[in-house]
Amino acid sequence: MAARMSPDTPVFLRACRREPVPYTPVWIMRQAGRYLPEYRELRARVDFVTLTRSAELAAEVTLQPVRRFPLDAAILFSDIMTPLQGMGIGLEFEPGPIVREPIRSRAQIEALPALVPERDVPFVLEAVRLTRAGAPAGVPLIGFAGAPFTLLCYLVCGKPSKEFSAARAFLYAEPEAAEQLIDRLADAMSAYLRAQAAAGAQALMLFESWAGLLGPPEYRRFALRGARRTLAALRTLGVPLIYYANQASALMEVVAELDVDVVGVDWRSPLGSVRRTLGPQKAVQGNLDPAALFAAPQELERQVDGVLAEAGHEPGHIFNLGHGIWPETDPGAVARLIDHVHERSRR
Ligand code: CP3
């Protein structure tokens, strides 16, 4: 059992460790992005890939939402595909990632180089350092990576998709090759997250955005395998580990086997039952429907109250949306959401 953190430790980090906190911390998935006028203003002049590859600009965009709102954490501005670009995979963003040569063969998997973060994505690590230097006190920085199965979805299909049918067919047609790809990606993301922590990231998050495409056996064989392999070597770093599993209602019993501090939950699963399934050793993060930000102010407050009530009074809840914020969202609604979470949860 880890020693208790000092009262000076940011509220977000204490909640990750399931320690009592004076109020529920809140941050928002995709909080740096197109719903913010200051992001759109910058994007009108600079394309997305340049933003992610310039340490100064990536740090600036990371800090935009933290300057505007009293958020309890910052998340590095980058993309789950950025390290793959660093491994030499040709891709464009339109705005979702398009892989020039989708991976379908053993030969392609075996040709994938290892990721050496300091050499291949130095700008990401420098963005971490610059963000830490510029972040307000008490606002920790979350580093992140895509989980291996979610990365496999993009690499095999070559583009965003609802069903990711080519990726799922690949799991059944070539299961050993799929495992090999998962393992390669896990080793790369493990090195990537370790380097982010060394550069100053205070928590590490793995995005399993497409968990919900799989039933429990395939989830366990491919996705859980990859997440485990990625995170195993990071346990000793002493930073909280967060695993976001989208559309994973039917998978929570398997997710519970993963040794992480926090599980990110989408809005389809009530937090109360998720907490019962995960047990007392894990905190939860989530899970307001991003669409709820379009409700009238009073209804938005009622929705926030509903999430807080589901999370209950036990320590270990970080408020967030159930998935990324929509570009059409009014920043004023975000401000009201954050204030209401803080006010209503104050103990
Ligand atoms: O604020 C933050 O959360 C940090 C930035 C961040 C981005 N992508 C920036 C981005 C993070 C954490 C991601 C992760 C990411 N990228 C995920 C996992 C989280 C999730 O939403 O499930 C996934 C699946 C991707 C892949 C991806 N990148 C898609 C599907 C898209 C297009 C859809 C979209 O939201 O625009 C991107 C592009 C992307 N990544 C943009 C941003 C701000 C838009 C690019 C632009 O400005 O034109």
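1. The largest pocket holds about 1400 Å³ of space. A pocket here is an open set of points on a 1 Å grid over the protein atoms alone, with protein on both sides within 12 Å along at least five of seven lines, and lining residues have an atom within 4 Å of a point. Grid points are joined across faces, edges and corners, and the volume is the space filled by probe spheres set on the points.

2. The lining of this largest pocket comprises 42 residues, and Arg 30, Arg 34, Asp 79, Tyr 154 and His 323 lie nearest its centre. Two or more lining residues come from H2 and from helix H3 (48-53). By class, the lining has 26 nonpolar, 10 polar and 6 charged residues. In this division, Ala, Val, Leu, Ile, Met, Phe, Trp, Tyr, Cys and Pro count as nonpolar, Asp, Glu, Lys and Arg as charged, and the others, Gly among them, as polar.

3. On provenance, this is a predicted model, in which local features need pLDDT of at least 70 and side-chain atom pairs count only at pLDDT 80 or more, while totals for chains, interfaces and linings use all residues. Residues are numbered from 1 along each chain as its sequence is written, and side-chain values use heavy atoms, with hydrogens and water left out.

4. The protein chain contains 16 helices and 9 strands; helices (H or I, at least four residues) and strands (E, at least two) are DSSP runs numbered from the N terminus. The C-alpha trace spans about 55 × 45 × 40 Å along its principal axes.

5. Of the 347 residues, 59% count as buried (under 20% relative accessible area, with exposed over 50% and partly exposed in between; 1.4 Å probe, protein chains only). Among contacts (heavy atoms within 4.5 Å) with a separation of 6 or more, 73% join residues 24 or more positions apart.

6. One joins Glu 94 and Pro 95, with omega about -10°; Pro 95 lies in the loop between strand E2 (91-93) and strand E3 (97-99). Another runs from Gly 286 to Asn 287, with omega near -5°, and Asn 287 belongs to strand E8 (residues 283-288).

7. Arg 18, in the loop between helix H1 (11-16) and helix H2 (37-43), has phi of about 60°. Phe 164 has phi near 45° and sits in the loop between helix H9 (148-157) and helix H10 (165-173). Phe 164 counts as buried because its relative accessibility is 0%.

8. Glu 163 is found in that loop between H9 and H10, and is partly exposed at a relative accessible area of 47%. Leaving aside neighbours within four places in sequence, Glu 163 is in contact with Arg 168 and Leu 213.

9. How many disulfides does the structure hold? There are 0, a disulfide being a pair of cysteine sulfur atoms within 2.5 Å. Cys 153 is in no disulfide, and its nearest cysteine sulfur, that of Cys 157, is 6.5 Å away. Cys 153 is buried at 0% relative accessibility, and Cys 157 is buried at 13%.

Terms used
On a 1 Å grid over the protein atoms alone, a cavity is a set of points where a 1.4 Å probe fits but cannot get out, and a pocket is an open set with protein on both sides within 12 Å along at least five of seven lines; lining residues have an atom within 4 Å of a point.
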